[in-house]
Structure formats: C-alpha cells, structure tokens
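Please look at the sequence and the structure shown here before reading on. The report below takes up its strands, one of its helices and its nonpolar cores in turn.

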Amino acid sequence: MLIETETTPNPATVKFLPGRVVMGMGTRDFASPEEADASPLASALFSLGDVTGVFFGGDFISVTIAPGAQWSDVKPDILATLLEHFSADMPLFSAGSAADIMVPAEAEGIGDDPADAEITTQIRELIDTRVRPAVANDGGDIVYHGFDKGTVYLKMQGACSGCPSSAATLKNGIEQLLKHYVPEVIEVRAI
C-alpha cells in the first residue's frame, strides 16, 4: 500500500492520501486527544506526541503538528501508523459509538432568519459546490454556521484551521465569491 503526501498552505499540516475512501460522507475534525477517543486511528496519531490536530476528509487525512516539531521527525511515524491502520482494514471509529456521525455544532448566537431562507440556500450551495471542494484539495473543510445581517459565519477545519493564509482565503476568495453571487452578503467571518 502506498500512502501519498501533499503539502498544504498551512506549514504545520500535511495531507496524507491512502488511496482509498477515508470518510464515506462528511468530515471529522479532532482538535484534541480527548476528541480523538472516538477513533482508534485519530487516537494513535495523537499518541505520537507532536500531533495537535487530525482531520478526516473524503479520501484524505490531514495531520497538524505542534509548533517547533519537524516534519522530518514526525512524518515516518505518521506514515507507519496510517499504513498499519489501513493495511489491517481497521475501523475508523470505535464500535458502538455514534461519534462518526458529524453533526456540526451550532455556534451560539448565530443562526438563520427564516426570512433569509432564499439567501442562505444560495450561500450554502455556493459553499458546497465551489468552496468546499477547493478547500478539501488543501486538506481542510469549511462549515457554514449562519447568516446574520449581511455577515456569513464559517468555521475552518483541518489544514485551514490556524493556516497563515486562511484569513486571505476567507476575505479575498470566499468573501469575494459570495458577494459576487449573493449581493446581500456584506462580509464573511471565521468563528
């Protein structure tokens, strides 16, 4: 089995491609070892010590390492862990757990006004068809969290979370795209 790697715009994150489906549908972001308890693979990656984030996408795993850690030191152990997991055809999530079901948490105070239903439908469609596939190529995901008074709220995950270029992507890319197609959008904010 060959596991390919790709750099991402976030120097702390590398995208690992095992050449097979990782998450059949949806994504899953693990920001701490405690969150990773639901997944034997995520737990094994966090147990390596320098791993600070794990993200499962459709056909990839993005791994983020701690500041000061070197990819040359960590990458072989990550590859060995992924190879062992996928070669043994181990489950991605622990049995008897509903943790593999991704239900995005609602951010406090952010929601959609029913009067804006047509606008939010357009925004969600643009994010799902134009933004998310492009962001997945960089090893991350963006989750819609609401539209309020012209502001779109999005959560960055995987390689996008903490990426030095994420603010530019948000403002110069996503915000401009949404403003172009949905005139009611005034700005985009990360939560």
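## The strand pairing around β4

Strand β3, residues 28-30, pairs with β4 in the antiparallel sense over 3 bridges, where two strands count as paired if DSSP finds at least two bridges between them. Strands, like helices, are DSSP runs numbered from the N terminus, with at least two residues (E) for a strand and at least four (H or I) for a helix.

β4 and β5 also run antiparallel, joined by 5 bridges, and in β5 the bridge partner of Gly53 is Thr64. A hairpin of 4 residues leads from β4 to β5. Because 5 of the 6 residues of β4 are buried, this strand is largely enclosed by the rest of the structure; buried means under 20% relative accessible area, exposed means over 50%, and partly exposed lies in between, with a 1.4 Å probe and protein chains only.

## How the model is to be read

This is a predicted model, in which local features need pLDDT of at least 70 and side-chain atom pairs count only at pLDDT 80 or more, while totals for chains, interfaces and linings use all residues. Residues are numbered from 1 along each chain as its sequence is written, and side-chain values use heavy atoms, with hydrogens and water left out.

The 17 residues of α2 should span 24 Å at 1.5 Å a residue, and the end C-alpha atoms are 23 Å apart, which agrees; the expected span is 1.5 Å times one less than the number of residues. The buried residues of α2 are Trp71, Val74, Ile78, Thr81, Leu82, His85 and Phe86. They cover an arc of only 120° around the axis, which puts them on the same side of α2, the arc being that of the directions from the helix axis to the C-beta atoms.

On the other side of α2, Ser72, Asp73, Glu84 and Ser87 are exposed. The cover over the buried residues of α2 includes β2, α1, β4 and β5. After α2 comes Asp89, which has a positive phi near 55°.

## The nonpolar cores

A nonpolar core is a set of buried Ala, Val, Leu, Ile, Met, Phe, Trp, Tyr and Cys residues joined through side-chain atoms within 4.5 Å. The largest such core has 26 residues, and those with the most contacts inside it are Val54, Phe56, Ile61, Ile78 and Leu82. Its largest share, 5 residues, comes from α2.

Leaving aside neighbours within four places in sequence, Ile78 is in contact with Phe16, Leu45, Leu48, Val51, Val63 and Trp71, contact meaning heavy atoms within 4.5 Å. A second, separate core of 20 residues includes Tyr144, Phe147, Met156 and Leu178.
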